[in-house]
Amino acid sequence: MGIRFILMVNKQGQTRLAQYYEWLTLEERRALEGEIVRKCLARNDQQCSFVEHRNYKIVYRRYASLFFLVGVDNDENELAILEFIHLLVETMDRHFGNVCELDIMFHLEKAHFMLEEMVMNGCIVETSKANILSPIQLMDKTS
Amino acid sequence: MASPSLMDNLFQRSLDDIIKGLRHQQSTESTFISKVIEEIRREIKTTDLQTKSTALQKLTYLNSIHYIDMSWASFHAIECISSPAFAHKKIGYLAISQSFNESTPVILLISNQLRKDLNSGNEFEVFVRKKAVGVVFRLFEKYPDAVRVCFKRLVESLESSDSQILSAVVGVFCELASKDPRSYLPLAPEFYRILVGSRNNWVLIKVLKIFANLAPLEPRLAKRVVEPICDHLRKTGAKSMVFECIRTVATSFTEYESAVKLAAVKIREFLLEDDPNLKYLGLHGLSIMAPKHLWAVLENKDIVIQSLNDEDPNIKLESLCLVMAMVSESNVVEICRVLVNYALKSDLEFCNEILGSILSTCCQNVYEIITDFDWYVSLLGEMSRIPHCQKGGRY
């Protein structure tokens, strides 16, 4: 399947965006997010961006006050996922202009729509920023 | 609960209001949220779709960020997607994608609306059609027979010039080929075309994974494909591609000496980088190579042992595994000496990892590699005296 979930979490461990590609109950999500966030936040900048968790891996990177965590299957290419995270940040940056945590909090739906253009059923399908943003811009025009 | 009144509709709080309200509530967040949920439960029952969809929007937010159950609102989500207004539809579809699952009772009701929306002639149609391929894999998981029905169309899509469709289709085949590679061997020529022609690294990485599954089944295929893979390995500027090529060669092309040698060269480049990600992946690449090509690990022995000291616990663990892979009858004494020294300097967790590895490797195959049992017994004694040692009871 590739990607199992994508999380954006701030330094205090509060989830700002959660997108799951496999069904988990609310209790499972709460537990999972707690465990993973603890693991990743405990690591410093000199350590590598990959953490093994249960039977899959987490690839993560920090941008300013936000951690981007992507849970992937064990055979997924970690470097490609790091590039994907960077692409996601650049795309949001282009749309919101110097994106920050507040932008995501107040425009969560937009962030979800962007993610939905890029990832389908856990598979990365679109990596051109222009193609990702054009439906979003179209929606903005009509609403 | 009272039914929604005109007051509710007029003075309904928006999602923005809720978010701002939450930001100002530091200690009484749960009380605030309970109040909001009460409001939502009232508002959502209205027949006015604007009010209903705003209530649903707030609930979706609370569900996603604050783990609030929204399963009770599933029928309201269906009502929202039936609205002719796109603004309501998109709120409804987002709620559905976040909260529906197999056991949601009303899930069958969306199929009718989906069919209408997919056929509708609005300006968003072109985007909607592209999404169809991605949905296909989920279908295949549940109804494997469906593969046969869609197969022809899927194969046609492999020739698509639209990169989004191609990415999705290659992704689907990647998953299918990992579960049942033999059935997709006939498509090898298509994948070969993509391997040599595509410039899109995301697609290429998936195709490499497909070949990693297909090559072991057909040596003639492996022979044809190994050269383009080495070509990519030599020429690509993307580290992710380099790593995927290394992994593919080390997993499925282990008989091709020149390919393996090239991969080993690239691994060494990773190992020498300062970037901990590349170092970690270099070590990981070595551990994939180790079973059939231990020489590659031995060639990099100095870096592996140095990495036992790295400040990243993941890197330390990878290098420990590699050190254990290098153990043989002739070097077991020397390696154990080096490892025990590291264990003395390490923290509790890593120390016990080291000791555990030594114990399990030495007793493998009924102590196959131990020739001098006097030495081994004294080593056991030494290890049990190490302050952090927790392995006392086992051996």
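User: Across the interface of chain A and chain B, how many residue pairs are in polar contact?
Analyst: The model is predicted, and the pairs counted here have both residues at pLDDT 80 or more. A pair of N or O atoms must lie within 3.5 Å. Across the interface of chain A and chain B, the number of residue pairs that qualify is 17.

User: Which class gives the 25 residues on the side of chain A that touches chain B?
Analyst: Elements that give two or more residues to this side include strand E2 (15-20), helix H1 (26-41) and helix H5 (129-142) of chain A. By class, the side holds 14 polar and 15 charged residues. The class with 25 residues is nonpolar.

User: How much area do chain A and chain B bury between them?
Analyst: The contact involves 54 residues of chain A and 54 residues of chain B. Carbon and sulfur atoms carry 55% of the buried area. The total for chain A and chain B is about 5000 Å².

User: Which side chain meets Asp312(B) in a salt bridge?
Analyst: The rule finds one salt bridge across the interface of chain A and chain B. For Asp312(B), the N to O distance is 3.2 Å. That falls within the 4 Å cut-off. The partner is Arg43(A).

User: How many residues apart in sequence are the parts that Arg16(A) and Glu101(A) tie together?
Analyst: Over all chains, the structure holds 22 salt bridges. One of them joins the side chains of Arg16(A) and Glu101(A) at 2.9 Å, N to O. Arg16(A) lies in strand E2 of chain A and Glu101(A) in helix H3 of chain A, so the parts tied together are apart in sequence by 85 residues.

User: Are H21(B) and H23(B) roughly parallel or roughly antiparallel to each other?
Analyst: Helix H21 (residues 332-345) and helix H23 (residues 373-384) of chain B have axes 12 Å apart. They pack at an angle of about 5°. Angles under 35 degrees count as roughly parallel, and therefore H21(B) and H23(B) are roughly parallel.

User: In the contact of H21(B) with H23(B), how many residues are nonpolar?
Analyst: H21(B) gives residues including Val332(B), Cys336(B) and Arg337(B), which meet H23(B) residues including Trp375(B) and Glu382(B). By class, the contact has two charged and no polar residues. The nonpolar count is seven.

User: What separates the C-alpha atoms of His284(B) and Leu322(B)?
Analyst: His284(B) lies in helix H17 (residues 276-289) of chain B. Leaving aside neighbours within four places in sequence, His284(B) is in contact with Phe243(B) and Glu318(B). Leu322(B) is 38 residues from His284(B) along the chain, and their C-alpha separation is 8.9 Å.

Technical notes. Residues numbered from 1 in each chain as written. Chains lettered and ligands numbered in written order. Predicted model: local features only at pLDDT ≥ 70, side-chain atom pairs only at ≥ 80, totals over all residues. Heavy atoms only, no water. Contact = heavy atoms within 4.5 Å. Buried area = accessible area lost by both parts, 1.4 Å probe. Polar contact = N/O pair within 3.5 Å; in protein donor to acceptor, adjacent residues only side chain to side chain. Helix = DSSP H or I, 4+ residues; strand = E, 2+ residues; numbered from the N terminus. Nonpolar A, V, L, I, M, F, W, Y, C, P; charged D, E, K, R; others polar. Axes fitted to C-alpha atoms, helices over the stretch in contact; angles between N-to-C directions. Parallel < 35°, antiparallel > 145°, perpendicular 65-115°, else oblique.
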